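Good morning, and thank you for coming. Please look at the sequence and the structure while I discuss charged and aromatic side chains.

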Amino acid sequence: MEQNIPLAAIYVRVSTQEQATQGFSLAAQKESLENYAKALGYKIYKIYRDEGKSAKDIEHRPEMVEMLGDAEKRKFSAIFIYKLDRFSRSLKDLVLTVDKLKEWEIDFVSLQDKIETASASGKLMFHIISAFAEFERNLIGDRTKFGMQRKAKEGGFITRAPRGYSLIDKRLVPNEEKENVVRIFQEFLDTEISLTQLAKKNGMTTTGIKKLLLNSTYLGKVKFANKETEGNHPPILSESLFLGVQNKLKKKGWVV
């Protein structure tokens, strides 16, 4: 029977200032959580203590880091804390960590906040916190995308420099190969040379030469998410030459 009893981890944390002014001593947290865990039918696996540690972030609390590592290894089936701010004062850290615990099938219990996953209402709260975690992840993705879009809109270059340019101090600067680029465009427009022949002549693949001929960077543009904006770099080609090449590519059926 003993081996069927679920194991629980207890996490207690206090800073010196909090212990002196608020009475959240490690001993008080430990005793309350031990009693509560046992009342719910858990056996204590280990008590993790971070004393004099800030709640600003998780990675600077060694016992917390160790506990989460043990959680991932499924060494216990539940984590008991005294109050959410003992765990983290960062909503981002809290929701992302609780979401990980859900993934690892580890129950999460906060005594003072009446949050636990052993009941229907507790599971609902757990799902709400997990929903915040998903929202936070999406928000981070949106911020990243927004930053790249803003960079593109302001003329910043996102990937590596194409032939004819060098990337200096995060800006595109025409180099000695720019004349070569102009010559490639002009030859394609003025002659009946095929893409394969043009590629071979310039030491490129057919795919590479097609990408070069389609690259609006040579007009001083920046493209991101299929949207073009004015770049902060000088163009290499005239608009008439570039558009002439685009029209010929379409006419030949080499691009849609």
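Let me begin with a definition: a residue is called buried if its relative accessible area is under 20%, exposed if over 50%, and partly exposed in between, using a 1.4 Å probe and protein chains only. What you see is a predicted model, in which local features need pLDDT of at least 70, side-chain atom pairs count only at pLDDT 80 or more, and totals for chains, interfaces and linings use all residues. Residues are numbered from 1 along each chain as its sequence is written, and side-chain values use heavy atoms, with hydrogens and water left out.

I turn to the aromatic rings. Rings of Phe, Tyr and Trp (its six-membered ring) pair if their centres lie within 6.5 Å; planes under 30 degrees apart are stacked, over 60 edge-to-face, and the rest tilted. The structure holds eight aromatic pairs. One of them joins Y42 and F80 edge-to-face, at 5.2 Å centre to centre and with 75° between the planes. Y42 lies in the loop between α2 (26-39) and β2, and F80 in strand β3 (residues 78-81), so this pair ties together parts that are 38 residues apart in sequence. Helices (H or I, at least four residues) and strands (E, at least two) are DSSP runs, numbered from the N terminus. Is Y42 buried or exposed? Y42 counts as buried because its relative accessibility is 12%, and F80 is buried at 0%.

Y48 and F76 form another edge-to-face pair, with 6.4 Å between centres and 65° between planes. Both of these residues, Y48 and F76, are buried. Ring pairs also link Y165, F185, Y218 and F242 into a cluster.

Next come the salt bridges, each a side-chain nitrogen of Lys or Arg within 4 Å of a carboxyl oxygen of Asp or Glu. By this rule the count comes to ten. In one of them, E66 meets K46, with the closest N and O atoms 2.5 Å apart. E66 belongs to helix α3 (residues 62-72) and K46 to strand β2 (residues 43-51), 20 residues apart. E66 is partly exposed at 32% relative accessibility, and K46 is partly exposed at 30%.

Finally, consider K248. A salt bridge connects K248 to E192, the closest N and O atoms being 3.9 Å apart. E192 is exposed at 62%, whereas K248 is buried at 12%. K248 also lies over the face of F188, 5.1 Å from the ring centre; this requires NZ of Lys or CZ of Arg within 6 Å of the ring centre and within 35 degrees of the ring normal.
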